[in-house]
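Q: I would like to learn how to read helix packing in a model. Can we work through one case together?

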Amino acid sequence: ARMHLVLADPGLGMIESTLLDPPAKFPLRLIGARLTVAAAEFQTAVFLEPRNVDALVNLSLVQRKAGQLDIAKETLLRVLNIAPRNAAAHYNLAQLYDDTNERARAAEHYRLFLDNAGAEHADRAAAVRARIAALNTMSK
């Protein structure tokens, strides 16, 4: 299944798309190796600049793809401690909460994404509003 992620660095989009939606013939071990390299690069960036929210958001994407959901949540919460209005962090945290059936938290962060998203995220607004409505229906 393809995951819709907001990347902090649009230049990484092609790399991340390959990781998230590889062709069927793409060897799984290569995907794992690429995730390991990507994680190491983002961890190095964070080590050198601990408040680099772009590196932290991208690190959380790699952590999520690697199945480290709790660690990815912690990383995104760290971003929000540094930059509370970071739309990418809210969106990706909403998706993580959605993945773990934490509907109220997912809806909260989807709403915060909408509140803080600029024009660069306008293409996601309708889908996010629909997802909030679905979450609200499920919660009843």
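**Reading the helix contacts**

A: Start with direction: α5 and α6 are roughly antiparallel to each other. Keep in mind that this is a predicted model.

Q: Which angle and which axis distance go with α5 and helix α6?
A: Angles over 145 degrees count as roughly antiparallel. Here the axes of α5 and helix α6 (residues 103-116) cross at roughly 160 degrees and come within 8 Å. The crossing of α5 past α6 is left-handed.

Q: Which residues in α5 meet which residues in α6?
A: From α5 come Ala87, His90, Tyr91, Leu93, Ala94, Gln95, Tyr97 and Asp98. Their partners in α6 are Arg105, Ala106, His109, Tyr110, Leu112, Phe113 and Asn116. By class, the residues of this α5 and α6 contact are nine nonpolar, four polar and two charged.

Q: At what angle do helix α3 and helix α5 pack?
A: Angles under 35 degrees count as roughly parallel. Helix α3 (residues 53-65) and helix α5 (residues 87-99) pack at about 20 degrees, with axes 10 Å apart. That makes α3 roughly parallel to α5. The crossing of α3 past α5 is left-handed.

Q: Which residues in α3 and α5 meet?
A: α3 brings Val57, Leu61 and Arg64. α5 brings Ala88, Ala89, Asn92, Gln95, Leu96 and Asp99. The contact of α3 with α5 divides into five nonpolar, two polar and two charged residues.

Q: Is Asn92 buried or exposed?
A: Buried means under 20% relative accessible area. Asn92 has a relative accessible area of 2%, so Asn92 is buried. Asn92 sits in helix α5.

Q: Which backbone oxygen does the side chain of Asn92 reach?
A: For polar contacts, look at pairs of N or O atoms within 3.5 Å. The Asn92 side chain reaches the backbone oxygen of Ala88 at 2.8 Å. Both Asn92 and Ala88 are among the α5 residues that meet α3.

Q: What is the relative accessible area of Ile71?
A: The value for Ile71 is 40%, and Ile71 is partly exposed. Ile71 belongs to helix α4 (residues 69-82).

Q: How many helices and strands does the protein chain have?
A: Now step back to the whole chain. The protein chain has seven helices and zero strands. Of its 140 residues, 41% count as buried. Among contacts with a separation of 6 or more, 48% join residues 24 or more positions apart.

How values were computed
Residues are numbered from 1 along each chain as its sequence is written. This is a predicted model: local features need pLDDT of at least 70, side-chain atom pairs count only at pLDDT 80 or more; totals for chains, interfaces and linings use all residues. Side-chain values use heavy atoms; hydrogens and water are left out. Axes are lines fitted to C-alpha atoms, for helices over the stretch in contact, and angles run from 0 to 180 degrees between N-to-C directions. Helices (H or I, at least four residues) and strands (E, at least two) are DSSP runs, numbered from the N terminus. Angles under 35 degrees count as roughly parallel, over 145 as roughly antiparallel, 65 to 115 as roughly perpendicular and the rest as oblique. A crossing is left-handed if the near helix is turned anticlockwise from the far one by less than a right angle, and right-handed if clockwise. Contact means heavy atoms within 4.5 Å. Ala, Val, Leu, Ile, Met, Phe, Trp, Tyr, Cys and Pro count as nonpolar, Asp, Glu, Lys and Arg as charged, and the others, Gly among them, as polar. Buried means under 20% relative accessible area, exposed over 50%, partly exposed in between (1.4 Å probe, protein chains only). A polar contact is a pair of N or O atoms within 3.5 Å; within protein, one must be able to donate a hydrogen and the other to accept it, and residues adjacent in sequence count only if both atoms are side-chain atoms.
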